[in-house]
Amino acid sequence: MKDGVKKILEKTKQGLKPPTDEEMNEVTGKWLFGKNANRMLQYAPWSFLLLKILWKKGEEPWKTE
Amino acid sequence: MKDEMTRYERLEAAWNLEEADRVPVTPVNCYIIPYLGGISIKEMFTEPEKLIQATIKCMDIIGDNIDPNITTLDHLSLFGKSGWDQVTLDWRIWDQFPPQGNIPSFYEKPIIEDYDDVMERGFSTILFNKKVKEVFARGLDDFFYYEFEYSEIYAKAWRKFVEEYEVPLLMGGRACHPLDLLQYYRGINLLTEDIFERPKKVKEMCEFLLDYEMNRAMRQAMIMGAGEVPGAEIVFFINGGPPGMSPKIFDEFFWPYAKKAVDTFVNRGFKVLCHWDNDLTPSLDTIKEIIKGLPKGKVMIDFEKTDMKKAKEVLGGRVCIHGNVPSSLLVYGTPEEVEEYSKKLIEDCAAGGGYILGTECETPWDAKRENVRAMIEAAIKYGKY
């Protein structure tokens, strides 16, 4: 890799502030569970049990047809 | 005449609104690579080594960067990603090119029936609902592999290519404007109706979608090697929402979320390549505010149908612009016609730097190879500073 390219990359790397795991969990939780996100995250991994409350009657994914 | 620059330095100069050794040229080569490289669309998506080999066979039509087709990662995920996932949206991955198959195309069907319900309960009820049969056709192994492991394998393959061939990536992460996502989730007709009949809900939903979309794209760019792999620091920020938006609709429904996303990406150290389709000439006065409050050299706008001469007049000295040799010309025209069109674009846009010669949305999969080559040669022939 040429020196000019290395310099640009170094400068870029110094300026990067990527999302933290905590931020990712928060936004993904909100996207996946809406207003229930905080509760889901608070009780993870047990929160999968809480999934059930998110579905309306008749649309449960585990219900056999 | 200036010393010859590397591809990455040449592009960096354009981002910074400076004159490089010549005008950079970056046809957005996506499906044309597997087509000319002799692999199927399914192989393109699931076997990165084959995609890399196909790319190597097409080096004559690669300009100053390469599209790593981040849509692959979005397509194969099971969490919704950037409007391309197979779960919430119907973008089919075909085995073959036309006429036996097709390139991934959107098959419109309303996914969201009730905005309030999604904001209340999230997308989990859509993703894991039995109405979406695709989820249940895929096993747990498949989920773990494509959601959490495949992106690392994919990134590693591209990193090796970039190091070996010194061709920067077009992007590292990819995000859709929320209005664009709503177009996918609701369909163009229903979204248009919503904009007029439920404007408040459309705006609330745009806010709801934005955080996830932005963070996911930045995470994707990090996996692709932002700060280590040239070009991986770029977030490809897509589209202009429903076609034919009036300036009033653009200003009210598109612009606030576009500006918020661009600000966030740049303030977190990423570059933003705004890939905005449609003819946005009537909205250029709004778009010129895109760099307000931001450092120089971090934003580029890739226009599809916008008048490039006018774009240069309004945006020149503010933001780098990219475009827009017509797709129709690349498929049906001659190399001479492509050369002439490219020359005119360079004459209209290159002065003072801040211009990259490019395709419209992307190079059509069935574009003539000699036409794409003519575009690259035009930049070398007419683009010297």
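Start at the second largest pocket, with a volume of about 680 Å³, in what is a predicted model. A pocket here is an open set of points on a 1 Å grid over the protein atoms alone, where a 1.4 Å probe fits, with protein on both sides within 12 Å along at least five of seven lines. Its volume is the space filled by probe spheres set on the points, which are joined across faces, edges and corners.

Select W84(B), N239(B), D277(B), C361(B) and E362(B): of the 32 lining residues, these are the closest to the pocket centre. Lining residues have an atom within 4 Å of a point. Helix 10 (178-186) and strand 3 (234-238) of chain B each give two or more residues to this lining. Helices (H or I, at least four residues) and strands (E, at least two) are DSSP runs, numbered from the N terminus.

Next, follow strand 3 of chain B to strand 4 of chain B; the two run parallel and are joined by five bridges. V235(B) has V272(B) as its bridge partner in strand 4.

Now show strand 4 (residues 271-276) of chain B.

Finish at strand 5 (residues 299-303) of chain B, which runs parallel to strand 4 and is joined to it by five bridges. Here I301(B) stands opposite C274(B).

Residues are numbered from 1 along each chain as its sequence is written, and chains are lettered from A in the order in which they are written. Local features need pLDDT of at least 70, and side-chain values use heavy atoms.

Key:
This is a predicted model: local features need pLDDT of at least 70, side-chain atom pairs count only at pLDDT 80 or more; totals for chains, interfaces and linings use all residues. Two strands pair if DSSP finds at least two bridges between them.
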